[in-house]
Amino acid sequence: MGSLILCHRKRARRPFEISRVHMRIYTIEELCYYICNNLYLIDYTIVNGQLCSWVEDELALPKLGESLREKLRNNCSMEDFILTILKESNIYAAADINKIQNVLEHLQNQKDVERTKYKADSLQNSGEYETAILVYQSIIYKDWDESVSKKFYGQVYACMGAAYGHQFLYEEAARAYQEAYRICEQPEMLKAYLYCCYRALPENEYLKMLSGNPVYLSMGTMIKDDVKKVQKKLEIDASEEQLLQWKKDYRRIDKSREMC
């Protein structure tokens with residue numbers, strides 16, 4: 001893995017401290033990296049006059065510092081302030097800036113609990129399942145925000161179930177999906193719940209759970225068919241992979257014969 005290449009040579013002697021996450025930043029690259037990877041955390045700990053002074057004095061970027069200060073004087077939006085930093089740093093391409101702007105616009109009108117879910121979703125999409133689960137738990141174990149619908153919390157449970165499922169923790173995933181279905185009553189959540197039960201429980205217990213419930217039985221049949229289709233596809237893929245390997249082995253043997 002190569003070392004980080006700095007676009008700006010200046011490194012601050014005195015770091016800028018982001019109190020919310022207890023982080024110290026020394027370069028404009030580190031500042032931009034923090035912003036782009038923590039868009040859901042952007043608040044007054046970044047958008048303030050202290051940052052303007054630090055950019056001017058420590059990074060020797062007076063033009064950027066004054067531009068940011070002017071933005072604050074004109075009561076700019078958080079989005080405008082952040083985009084100014086990213087654009088003036090000359091690190092990101094226009095396409096990257098547009099993507100970041102879209103995310104900022106999406107987050108701007110969200111409540112704190114919605115931003116927290118966005119953080120957890122981003123972690124899950126990056127494969128950081130354990131951390132994502134902790135963030136989902138921080139949402140559901142706090143007092144629920146009555147300004148958002150209960151179905152929002154059902155979605156949080158479903159996303160947490162998916163994170164558990166990615167780690168093959170099917171019992172935990174089943175409990176999360178069960179709660180998600182209880183709140184939202186969406187068929188896909190019920191299907192996910194039953195699939196996790198199918199993977200987590202002994203066959204006799206799973207069949208006993210399905211018996212007597214027509215909806216469960218119907219969904220259980222669908223799950224069984226889906227599993228068979230996946231298994232068949234895996235067998236075909238495995239056969240094709242084996243065939244390719246045989247071809248490689250044959251070519252290698254044939255080539256060795258030519259060399260004799």
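There are 7 aromatic pairs in this predicted model, where rings of Phe, Tyr and Trp (its six-membered ring) pair if their centres lie within 6.5 Å. As this is a predicted model, local features need pLDDT of at least 70 and side-chain atom pairs count only at pLDDT 80 or more, while totals for chains, interfaces and linings use all residues. Residues are numbered from 1 along each chain as its sequence is written, and side-chain values use heavy atoms, with hydrogens and water left out.

**Aromatic rings**

- A pair of aromatic rings is described by the distance of the centres and the angle of the planes.
- Phe168 and Tyr170 pair up edge-to-face, at 6.3 Å centre to centre and 65° between the planes (planes under 30 degrees apart count as stacked, over 60 as edge-to-face and the rest as tilted).
- Phe168 counts as exposed because its relative accessibility is 61%, whereas Tyr170 is buried at 13% (buried means under 20% relative accessible area, exposed over 50%, partly exposed in between, with a 1.4 Å probe and protein chains only).
- Tyr170 also pairs edge-to-face with Tyr195, at 6.3 Å centre to centre and 85° between the planes.
- Helices here are DSSP runs (H or I, at least four residues), numbered from the N terminus.
- Tyr195 has 28% relative accessibility, so it counts as partly exposed.
- Put together, Phe168, Tyr170, Tyr195, Tyr198 and Tyr206 make up one aromatic cluster.

**Helix 10 against helix 11**

- Helix 10 packs with helix 11 (residues 203–210) at about 150°, their axes 8 Å apart (axes are lines fitted to C-alpha atoms, for helices over the stretch in contact, and angles run from 0 to 180 degrees between N-to-C directions).
- That makes the two helices roughly antiparallel (under 35 degrees is roughly parallel, over 145 roughly antiparallel, 65 to 115 roughly perpendicular and the rest oblique).
- Tyr193, Leu194, Cys197 and Tyr198 of helix 10 meet Tyr206, Met209 and Leu210 of helix 11, contact meaning heavy atoms within 4.5 Å.
- The contact residues split into 7 nonpolar, no polar and no charged (Ala, Val, Leu, Ile, Met, Phe, Trp, Tyr, Cys and Pro count as nonpolar, Asp, Glu, Lys and Arg as charged, and the others, Gly among them, as polar).

**Helix 7 against helix 8**

- Helix 7 (residues 129–140) and helix 8 (residues 150–166) pack at about 155°, with axes 9 Å apart.
- Helix 7 and helix 8 are therefore roughly antiparallel.
- Among the contact residues are Tyr129 and Ile133 of helix 7 and Phe152 and Tyr153 of helix 8.
- This contact has 13 nonpolar residues, 2 polar and no charged.
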